[in-house]
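Student: I'd like to learn how to read a model like this one, feature by feature. Can you walk me through it?

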Amino acid sequence: MCTRSSTALLAVALATLLVTGGLASPVLAAGPAAGPTDAAVQSTTPTGGSSLDSTTAAGSTATGTTASSPASAAVQDARPDTPSTEDTVGYVEGYWYDDPLPVDNQSDAVVDEDDLDPVVYRAMARVERIRNRTFSEEVDVNVISRSEYRETNGDRFTNISSASRLEANVGYEALFMVDRETDAANATQTVYGGSVGGSYHPETDQIVIVSENPDTPELDEVTLGHELVHALQDQRFNLSRFHGTTQDEDTAMSGLIEGDASRVEREYEATCGREWDCLVPRDDGTGQLPDINWGIYFSVYQPYSDGPDYVNYLRSQGNDWEAVNAAYDDPPRTTAAVIHPGSEREPANVSVPDRSSADWRQLRTDGDAATDTIGEAGMVAMFAADALADDRDAVIDAADLFEGPENYNYNHSYTNGWAGDKLVAYTNDEADSASRPADAAGRAGYVWRTQWESGTDTQQFVNGYLRLLENHGADAVDGRQDTYVIEDGGYSGAYYLNRTGETLTIVRAPAVDDLSSVEAGAAPEGEDTLEIDDRSDTVSGFGPGAAVGAIATALLGTGFRAVTDRRDRD
């Protein structure tokens, strides 16, 4: 079976979005949002943590030092008499990383055109100071308003074929993220259109910083630092090389790329509080979570949550940043590798042969079968998709998803025994004739085969999936083995679960009688064999009370950034 490398099932709408930017979480703090509220220049210790802080304190490295290692810092501090942009770390186009600039004394973060280049050069020097690597060429930076960004970037979501839109809807519906009332591409556009704070575009070598101030756009220097890391990565490692064959592989590679940028971002922000004057936009004061599809958001945030710790792990193995540089020659291939650094688990080769009837066929796009691997991170996002919903329980609720005031937990008993999976979409004439992707998805089907490290791990996933069906109103079908029906709502249809040892296969079709047409032998007569076994559940969090308090005060804080990857896809 051919797996498409350019438009993996869940990556259709995200194919040009998922690698070179900063996707920051809402700041889940027990008190007011982090960051200054009116001053644009941050010269004192922040009142709260960065939205990207992890268990490693901001400004620290895997070895407990600040910025670079002492040896590299000493080399950087030995300033040559004739520094050069190409060879001197911390020096770019005549500016050192700690040089004062006129903008440091102003009361906002608005940067005039004449002042932009010095701000960018100094920020580049600061990234070099932390990352201990020089840029090879200049980077163009543009600051625009949110409305201008939406206007100039909306076209990416309009030129998507009907087959690709169906593909995206089937994939996200399989994860209970996008229902029959929603176009998956539009939902993805909402996530990015309302959250992008900065992006780097490899094909133009340009950075765009998005400002919430429509009249006089302000520059967020910490976001600029994050995007400059991507420019540095592109110059040194060629980001266009990093194309996964599945959504899970793409997201895993992002764990390295975004972990690198986010690790530098944290140290940049922490040093702003200790040593540097930095431009920080004024707080817009909205104090509200954005109205976005949280399931999609959680599915793409994992590299930013776990990536920094993955980079810390690499640095702790020796040679500090050199170990990270070497990883670009052998990037992680599964999100499980990023969630559990050092585990070195090889993914299983999961096969889903076509066993559909003559009336059904595998969905094909550009001649290839629409298949994908969801991966551990995608499964966590599925179980947590309703964590912030008021009208439905989530399998992984807010208390378990947000393991602390600022960090997301992607290590859960439901999913941490993942060994591999493959999702294959199926269609028929009725689905192909539907005018809306969401309607077509309801008439389509899929087979999702998952494999686990042990029988206990399989049971834990069974526990989670049965709870997911229950939360969406599913009822068991009398006389049919492990078959369930959701009668109403955005995920109505028939579902069949088949466990064989360490493998669980999920088949979905519009009706019970269609299940065996999508997958021969599905929904046989008999008694149920699967049930929830609470003895295998070991889920931890920081407590419902803390979660409620955190969400109640959740703000956009230090910036809700998203990635925009404009890499050309084959």
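This is a predicted model: local features need pLDDT of at least 70, side-chain atom pairs count only at pLDDT 80 or more; totals for chains, interfaces and linings use all residues.

Student: How do I read strand pairing, and how many bridges join β15 to β16?

Tutor: Helices (H or I, at least four residues) and strands (E, at least two) are DSSP runs, numbered from the N terminus. Two strands pair if DSSP finds at least two bridges between them. Here β15 (residues 483-486) and β16 (residues 493-500) run antiparallel and are joined by four bridges. Within that pair, Tyr484 sits opposite Tyr495 of β16. The two strands make a hairpin with six residues between them, and Gly489 in the turn has a positive phi of about 95°.

Student: Which residue in β17 is the bridge partner of Asn498?

Tutor: That's Thr505. β17 (residues 503-509) pairs with β16 in the antiparallel sense, over seven bridges. This hairpin has two residues between the strands, and Gly501 takes a positive phi near 60°.

Student: What is the strand order in the open sheet of three strands?

Tutor: The order is β4-β6-β5, with mixed pairing. β4 (140-145) and β5 (198-201) each have a single partner strand, so they are the edges, and one side of each is left without a neighbour in the sheet. From one strand to the next, the twist averages 20°; axes are lines fitted to C-alpha atoms, for helices over the stretch in contact, and angles run from 0 to 180 degrees between N-to-C directions. β4 pairs with β6 (residues 206-211) in the parallel sense, over six bridges, and Ser145 stands opposite Ser211 in β6. Helix α3 (residues 146-153) packs on the sheet and touches β4 and β6, its direction making about 105° with that of β4. Contact, by the way, means heavy atoms within 4.5 Å.

Student: Next, disulfides. Which cysteines form one?

Tutor: A disulfide is a covalent bond between the sulfur atoms of two cysteines. The criterion is a pair of cysteine sulfur atoms within 2.5 Å. The structure holds one: Cys272 and Cys278, with sulfur atoms 1.9 Å apart. Its S-S torsion is about -90°, so this disulfide is left-handed.

Student: Are those cysteines buried or exposed?

Tutor: Buried means under 20% relative accessible area, exposed over 50%, partly exposed in between (1.4 Å probe, protein chains only). Cys272 is buried at 1%, and Cys278 is buried at 0%.

Student: How many residues are in the largest nonpolar core?

Tutor: A nonpolar core is a set of buried Ala, Val, Leu, Ile, Met, Phe, Trp, Tyr and Cys residues joined through side-chain atoms within 4.5 Å. The largest has 75 residues, and Phe298, Trp448, Phe461 and Tyr465 have the most contacts inside it. Domain 1 (12-23 + 81-339) and domain 2 (360-518) both contribute residues, so this core lies between them; the bounds come from an automatic or database domain assignment. Apart from it lies another core, of 50 residues, including Ala109 and Leu219.

Student: Finally, where is Ala261 found?

Tutor: In helix α7 (residues 247-274). Ala261 is buried, at 0% relative accessible area. Beyond its neighbours within four places in sequence, Ala261 is in contact with His226, Val229, His230 and Gln233.

Methods
Residues are numbered from 1 along each chain as its sequence is written. Side-chain values use heavy atoms; hydrogens and water are left out.
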